[in-house]
Each structure stands twice: as C-alpha cells, then as structure tokens.
Amino acid sequence: MSGASIAGVTVASCAGTDKIPAEGVPRSPYGEDSTAEEVTEGIDLTGKLAVVTGCTSGIGFETMRVLAMRGAWVVGTSRSLEKAQAACDRVQGTTTPLQLELSDPDSIIACANAIRGINQPPDMLILLAILAAAASRSSSMASRNTSRSITWGTSSSSIA
Ligand SMILES: NC(=O)c1ccc[n+]([C@@H]2O[C@H](COP(=O)([O-])OP(=O)(O)OC[C@H]3O[C@@H](n4cnc5c(N)ncnc54)[C@H](OP(=O)(O)O)[C@@H]3O)[C@@H](O)[C@H]2O)c1
C-alpha cells in the first residue's frame, strides 16, 4: 500500500488504496456520489456574490447553476463572452457573464477590473478555469520540449 504516515495515522494516496478514517476526526456526510444540490440543500445564498471561472461546461457550469439556484449572484467566465452568456442563459437565477482568457494578461486585468466594478466583494471564488488552463499550457509547453512550468494560481472555493 502506498501512502504517508502522519502521527500514527495512515493517509492513503489516491492510487486506488482505501482511505482509513482517523479516530475522532469529524467525517463529512458527503462523498464522491454527492451532488451539488445535495451539498447545498437548505443553504440560502441570497445576497452572496460568487465568481466561477470556467462556467461553460463540466464542474464549472454545474457549480454556477446550483449556486444561482440557491440565490447567489454568480459571475461566470469563459474565453468567449458569447459562450459565457449562453451558459448564463441556461441557468435560473442572477448571473453575469464575463470574458476571461487566462493566457492573456490584458484579459485577466479586464476581468478583474469588471469584478472590482461590482459594488460588492466576492464571497466565493471558484477558480475552475485555472487548472484547465494550467493543464493545457503544461502540455503545450511539454510538447515544445521545455522544462519550464507555469502555475497560474491555485483552485479555491469557499462559502462565506
Ligand atoms: N469534472 C470533475 O469531476 C473534476 C473533479 C475534480 C477536479 N476537476 C478539475 O476542475 C477543472 C475543470 O474541470 P471540468 O471537467 O469542468 O473541465 P471542462 O469541462 O473542460 O471546463 C473547463 C472550463 O475552463 C474554461 N477554460 C479552459 N481554458 C481556459 C483558458 N485558457 N482561459 C479561461 N478559461 C478557460 C473553459 O471555458 P471556455 O472553453 O468556454 O473558455 C471551461 O468552461 C479541471 O482542471 C479539472 O481537473 C474536475
């Protein structure tokens, strides 16, 4: 079994081994089969502002959909404003589309300024496009035989 031992507790790696719960540590009632709707059930996000980068597909779209369903105002980004608008149009609730291309610093600054222009600091930053962009940059850099790596940031999410 691969894994690390921390203070006597075996923490399994993600390589298909069983995770062993630590004694006395609270367990989340949610698991890999839990849905966003189940996890947010009963939570009223009215008045909260969320920013979801990469809102047009996959986990980003579902995150935007459910946060808006729970009452949050969601700013959703895509490399294409038209695609962001189309994604927002498929969601019930209050959403605002913005253009964001992570490989273009001017686009990042314009997006940040647009968010800053909203008269409310974001309560939630859910940065799903960062990893997608980093992955595609890494593979394109690797294909150009360079060892330089690029990290745009870290993915984070929180409900304040
Ligand atoms: N799906 C899962 O179950 C899961 C689980 C854990 C972690 N993740 C991670 O979460 C991230 C999203 O996964 P996903 O499955 O939802 O991926 P996805 O369907 O490919 O969505 C990626 C999103 O990122 C946007 N994007 C891609 N490149 C971009 C760039 N250069 N600049 C700005 N936006 C860009 C895309 O928007 P446009 O194409 O509209 O620009 C799209 O909305 C991935 O990094 C994945 O590793 C996913």
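In which sense do β3 and β6 pair, and over how many bridges? They pair in the parallel sense, over four bridges. One place to look for this pairing is Thr53, which stands opposite Leu127 in β6. Please keep in mind that this is a predicted model.

## Overall layout

The protein has five helices and six strands. Along the sequence they follow the pattern β-β-α-β-α-β-α-β-α-β-α. Of the 160 residues in the protein, 24% are buried. If you count contacts with a separation of 6 or more, 49% of them join residues 24 or more positions apart.

## The parallel sheet

Four strands form an open sheet with parallel pairing, in the order β5-β4-β3-β6. Its edge strands are β5 (94-99) and β6, each of which pairs on one side only. On average, neighbouring strands of this sheet are turned by 15° against each other, with direction ignored.

Moving across the sheet, five bridges join β3 to β4, and here Val52 stands opposite Gly76 in β4. To get from β3 to β4 the chain passes through α2, and this β-α-β crossover is right-handed. Six bridges join β4 to β5, with Ser78 standing opposite Gln99 in β5. The chain goes from β4 to β5 through α3, in a β-α-β crossover that is right-handed.

How many of the residues of β4 are buried? Six of its six residues are, so the strand is mostly covered by the criterion of 20 or more other C-beta atoms within 10 Å. In a regular strand the side chains alternate between the two faces of the sheet. In β4, Trp73, Val75 and Thr77 point one way, while Val74, Gly76 and Ser78 point the other way.

Helices cover parts of the sheet too. α3 lies across β4 and β5, and runs at about 165° to β5. Helix α4 (residues 105-116) packs on the sheet and touches β3, β4 and β5. The direction of α4 makes about 155° with that of β5.

## Helix α2

α2 has 12 residues and reaches 17 Å from its first C-alpha to its last, close to the 16 Å expected at 1.5 Å a residue. Its buried residues are Gly60, Phe61, Thr63, Met64, Arg65, Val66, Leu67 and Ala68. Just after α2, Gly71 takes a positive phi of about 105°.

In soluble globular proteins, nonpolar side chains tend to be buried together. Here the largest nonpolar core has 26 residues, and those with the most contacts inside it are Ala50, Val52, Met64, Leu67, Ala72 and Val74. At least two residues of this core come from each of β3 (49-53), α2 (58-69), β4 (73-78), α3 (81-89), β6 (124-127) and α5 (128-143). The largest share, five residues, is supplied by α2.

Which residues is Met64 in contact with, leaving aside its neighbours within four places in sequence? They are Val52, Cys55, Val74, Gly76, Ala87, Val91 and Thr95. Two of these partners, Val52 and Val74, are also among the residues with the most contacts inside the core.

How values were computed. Residues numbered from 1 in each chain as written. Predicted model: local features only at pLDDT ≥ 70, side-chain atom pairs only at ≥ 80, totals over all residues. Core = buried A, V, L, I, M, F, W, Y, C linked by C-beta atoms within 7 Å. Buried ≥ 20, exposed ≤ 12 C-beta atoms within 10 Å, placed from the backbone. Contact = placed C-beta atoms within 7 Å. Expected span 1.5 Å × (residues − 1). Pairing = 2+ DSSP bridges. Axes fitted to C-alpha atoms, helices over the stretch in contact; angles between N-to-C directions. Right-handed = clockwise from strand over helix to strand, strands pointing away.
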